[in-house]
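Here is a short briefing on one protein model. Look at the structure first, then read on.

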Amino acid sequence: MTETRAQDGVTLSWEDLAAEARSARERAYAPYSRFAVGAALEAADGRVFVGCNVESASYPVGTCAERVALGHAVVSGARSFARIVVASGGAVPASPCGMCRQALAEFGLELEVMSVGGNGVATTWRLRDLLPAHFGPQQLGLAPEAAS
Ligand code: THU
């Protein structure tokens, strides 16, 4: 399932969102790195979109879990997001890579980001703190709302 939604007006707990990310991680296609990652991206309207990393024999073609989740969200009409949980298997929670930070920043810097490692240890950040001075539409001479 790529989309779930909390029952009317009820906010998902962080643990519920992490469970979605861990479930997505089980479907990761990572035969090269063997580093499976899942992500659960919560839209402002409560919908949750999941992603997993999808690798390729042509290594640079592989995609991270976060951008797969973002693609699911955008094609479903969601462009405003509240939280994302990234689930990986290592002892140290994996923080989103630079490319994923930039991709997520397109839709707002107030996003709360949680990363959960294999032992359940979690770290949280605000996207604004993970990617200060991001490249945005203003550098292209466009108003910020042009991108929304
Ligand atoms: N990866 C993600 O999917 N998300 C992250 O936050 C970090 C890295 C993936 C990319 C690649 O398939 C594997 O993990 C090893 O880098």
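An oxygen atom of the ligand sits 3.0 Å from an N or O atom in the side chain of Asn53. That is a polar contact, meaning a pair of N or O atoms within 3.5 Å; within protein, one must be able to donate a hydrogen and the other to accept it, and residues adjacent in sequence count only if both atoms are side-chain atoms. The model is predicted: local features need pLDDT of at least 70, side-chain atom pairs count only at pLDDT 80 or more, and totals for chains, interfaces and linings use all residues. Residues are numbered from 1 along each chain as its sequence is written, and side-chain values use heavy atoms, with hydrogens and water left out.

**Around the ligand**

- Which residues are around the ligand? They are Ser33, Phe35, Val37, Asn53, Glu55, Cys64, Ala65, Glu66, Ser95 and Pro96. A residue is listed if one of its heavy atoms lies within 4 Å of the molecule.
- Ala65 uses its backbone: an N or O atom there lies 2.9 Å from an oxygen atom of the ligand.
- Glu66 uses its side chain, with a polar atom 2.6 Å from an oxygen atom of the ligand.

**Nonpolar cores**

- A nonpolar core is a set of buried Ala, Val, Leu, Ile, Met, Phe, Trp, Tyr and Cys residues joined through side-chain atoms within 4.5 Å. Buried means under 20% relative accessible area, exposed means over 50%, and partly exposed is in between (1.4 Å probe, protein chains only).
- The largest core has 21 residues. Leu41, Phe81, Ile84, Leu104, Leu111 and Leu127 have the most contacts inside it.
- Five elements each supply at least two residues of this core: strand E2 (38-43), helix H2 (65-75), strand E4 (81-87), helix H3 (98-105) and helix H4 (127-130). Helices (H or I, at least four residues) and strands (E, at least two) are DSSP runs, numbered from the N terminus.
- H2 gives the largest share of this core, four residues.
- Leu104 touches Leu41, Leu70, Ile84, Leu111 and Leu127, not counting residues up to four places away in sequence. Contact means heavy atoms within 4.5 Å.

**Aromatic rings**

- How many aromatic pairs are there? The count comes to two. Rings of Phe, Tyr and Trp (its six-membered ring) pair if their centres lie within 6.5 Å; planes under 30 degrees apart count as stacked, over 60 as edge-to-face and the rest as tilted.
- Tyr32 and Tyr59 form a tilted pair, because their ring centres are 5.5 Å apart and their planes are at 40 degrees.
- Tyr32 lies in the loop between helix H1 (14-25) and E2, and Tyr59 in the loop between strand E3 (47-52) and H2, so the pair ties together parts 27 residues apart in sequence.
- Tyr32 is partly exposed, at 39% relative accessibility. Tyr59 is exposed, at 61%.
- Phe81 and Phe107 form an edge-to-face pair, 5.9 Å centre to centre with 80 degrees between the planes.
- Phe81 lies in strand E4 and Phe107 in the loop between H3 and strand E5 (112-116), so this pair ties together parts 26 residues apart in sequence.
- Phe81 is buried, with a relative accessible area of 14%. Phe107 is partly exposed, at 23%.

- Ser115 lies in strand E5. Is Ser115 buried or exposed? Ser115 is buried, with a relative accessible area of 0%.
- The side chain of Ser115 reaches the backbone oxygen of Ala94 at 2.5 Å.
- Ser115 and Ala87 are 28 residues apart in sequence, yet 5.9 Å apart in space, C-alpha to C-alpha.
- Ser56 is found in the loop between E3 and H2. At 19% relative accessibility, Ser56 counts as buried.
- A polar atom of the Ser56 side chain lies 3.0 Å from the backbone nitrogen of Ser58.
- Leaving aside neighbours within four places in sequence, Ser56 is in contact with Tyr32, Val61 and Gly62.

**Positive phi**

- Most residues other than glycine have a negative phi.
- Arg34 is not a glycine, but has a positive phi of about 60 degrees. Arg34 is in the loop between H1 and E2, and is exposed at 71% relative accessible area.
- Ala133 also is not a glycine and has a positive phi, of about 55 degrees. Ala133 is found in the segment after H4, and is exposed at 82%.
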